[in-house]
Amino acid sequence: MKALQIAACALACAFAAPAQGETDWENLLEGSKVSLSKALAIGLEEAWEGTAFQAELEGGSGGAVYSIDIAQRHKSRNVIVSAKDGEVVENVMEDEDHLDTAEACKVKLSDAIKTALKARPGKAVKAQMTLKSGKSGVTVKIWADGKLTSVKIDGATGKVVPAE
C-alpha cells in the first residue's frame with residue numbers, strides 16, 4: 001500500500017512540475033512585487049538613454065529578476081532588476097547590436113505591454129521586439145489562469161495582431 005502511495009505522489013509531482021526547459025512562471029511570480037512594466041521603467045531610467053527591445057522575468061541566484069535589454073547605438077545594455085523590490089542588481093554594456101530592430105518598431109515596449117494586457121488580462125512576463133522581412137512587431141507573453149499565452153502587437157500601428 002505504501003509503495004502505491006509513493007508512486008501516486010511521484011506521478012502527481014511529475015504532472016505538477018514544469019517540464020524540463022519550461023519556466024515555472026507561477027513560482028517566479030509568487031514573490032514578485034514589481035511588474036514587468038515597472039521593471040522596464042526602472043531599467044530605462046538606469047540606462048539613461050536608448051530603446052528597450054526586450055524585457056523578461058527570469059530566475060536568478062537571489063530570486064526572480066527582470067532582464068531589461070536596451071539598444072544604445074550599436075551596442076546594448078542589460079539591466080537586471082529585482083522582481084521582489086525593484087532594486088537594480090546589475091547594469092552591463094554588451095557587444096550586441098539590436099539598433100535595427102529597435103528603430104524599426106514605432107511602438108514602445110511599455111505601450112505594447114499595456115495594449116497586450118488590455119486584450120488579455122494577466123501578468124506580463126516577457127515582451128520582445130522582432131523584425132522579420134522588414135516588418136516590426138512586439139510579442140508579449142502573459143501568464144493567466146495557469147497558462148502562458150502570447151499576444152502579438154503590430155510594430156507600426158500598435159494594434160493587436162489577430163491570432164492565426
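How many helices and how many strands are there in the chain? The chain has 5 helices and 7 strands. Keep in mind as you look around that this is a predicted model. The mean pLDDT of the chain is 88, and 87% of its residues reach 70 or more. Below is a friendly tour, topic by topic.

**The overall layout**

- Starting at the N terminus, the elements follow the order α-α-α-β-β-β-β-α-α-β-β-β.
- The chain has 164 residues, and 37% of them are buried.
- Take the contacts with a separation of 6 or more: 44% of them are between residues 24 or more positions apart.

- Which element has the lowest mean pLDDT? That is helix α1, residues 2-16, with a value of 40.
- Helix α5, residues 109-119, has the highest mean pLDDT among the elements, at 98.
- Over residues 1-18, pLDDT stays under 50. For this stretch the model has 2 contacts beyond four places in sequence.

**How helices α3 and α5 pack**

- As background, two packed helices are described by the angle between their axes and the distance between the axes.
- Helix α3 covers residues 36-47, and it packs with α5 at an angle of about 175 degrees. The two axes are 10 Å apart.
- Angles over 145 degrees count as roughly antiparallel, and α3 and α5 are therefore roughly antiparallel to each other.
- From α3, the residues Leu36, Ser37 and Leu40 take part in the meeting; from α5, their partners are Leu109, Ser110 and Ile113.
- Sorted by type, the residues of this contact are 4 nonpolar, 2 polar and no charged.

**The two sides of helix α5**

- Which residues of α5 are buried? They are Leu109, Ala112, Ile113 and Ala116.
- Looking down the axis of α5, you would find these buried residues within an arc of 100 degrees, so they line one face of the helix.
- Lys114 and Lys118 sit on the other side of α5, where they are exposed.
- The cover over the buried residues of α5 includes α3 and the strands β1 (51-60), β5 (123-132), β6 (135-144) and β7 (147-154).

- Ile153 belongs to strand β7. Is Ile153 buried or exposed? With a relative accessible area of 2%, Ile153 is buried.
- Leaving aside residues up to four places away in sequence, Ile153 touches several partners, including Ala112, Thr115 and Ala116. Ala112 and Ala116 are also among the buried residues of α5.
- Gly137 and Val138 are touched by Ile153 too, as are Gly158, Lys159, Val160 and Val161.
- Ile153 and Leu109 are 44 residues apart in sequence, while their C-alpha atoms are 9.8 Å apart in space.
- Ile68 is part of strand β2, residues 63-72. Its relative accessibility is 0%, so Ile68 counts as buried.
- Again leaving aside residues up to four places away in sequence, the partners that Ile68 touches include Ala39, Leu40 and Gly43.
- From Ile68 to Ala41 is 27 residues in sequence, and 9.4 Å in space from C-alpha to C-alpha.

**Two loop residues with a positive phi**

- Most residues other than glycine have a negative phi.
- Ser133 has a positive phi, near 50 degrees, and is not a glycine. You can find Ser133 in the loop between β5 and β6.
- With 85% relative accessibility, Ser133 counts as exposed.
- Asp145 is not a glycine either, and its phi is positive at about 55 degrees. Look for Asp145 in the loop between β6 and β7.
- Asp145 counts as exposed, at 77% relative accessibility.

**A pair separated along the chain**

- Glu26 is located in helix α2, residues 25-30.
- A relative accessible area of 46% makes Glu26 partly exposed.
- How many residues apart along the chain are Glu26 and Lys147? They are 121 residues apart, and their C-alpha atoms are separated by 9.4 Å.

Technical notes: Residues are numbered from 1 along each chain as its sequence is written. This is a predicted model: local features need pLDDT of at least 70, side-chain atom pairs count only at pLDDT 80 or more; totals for chains, interfaces and linings use all residues. Side-chain values use heavy atoms; hydrogens and water are left out. pLDDT is the predictor's confidence in each residue, from 0 to 100. Helices (H or I, at least four residues) and strands (E, at least two) are DSSP runs, numbered from the N terminus. Contact means heavy atoms within 4.5 Å. Axes are lines fitted to C-alpha atoms, for helices over the stretch in contact, and angles run from 0 to 180 degrees between N-to-C directions. Angles under 35 degrees count as roughly parallel, over 145 as roughly antiparallel, 65 to 115 as roughly perpendicular and the rest as oblique. Ala, Val, Leu, Ile, Met, Phe, Trp, Tyr, Cys and Pro count as nonpolar, Asp, Glu, Lys and Arg as charged, and the others, Gly among them, as polar. Buried means under 20% relative accessible area, exposed over 50%, partly exposed in between (1.4 Å probe, protein chains only). The arc is that of the directions from the helix axis to the C-beta atoms.
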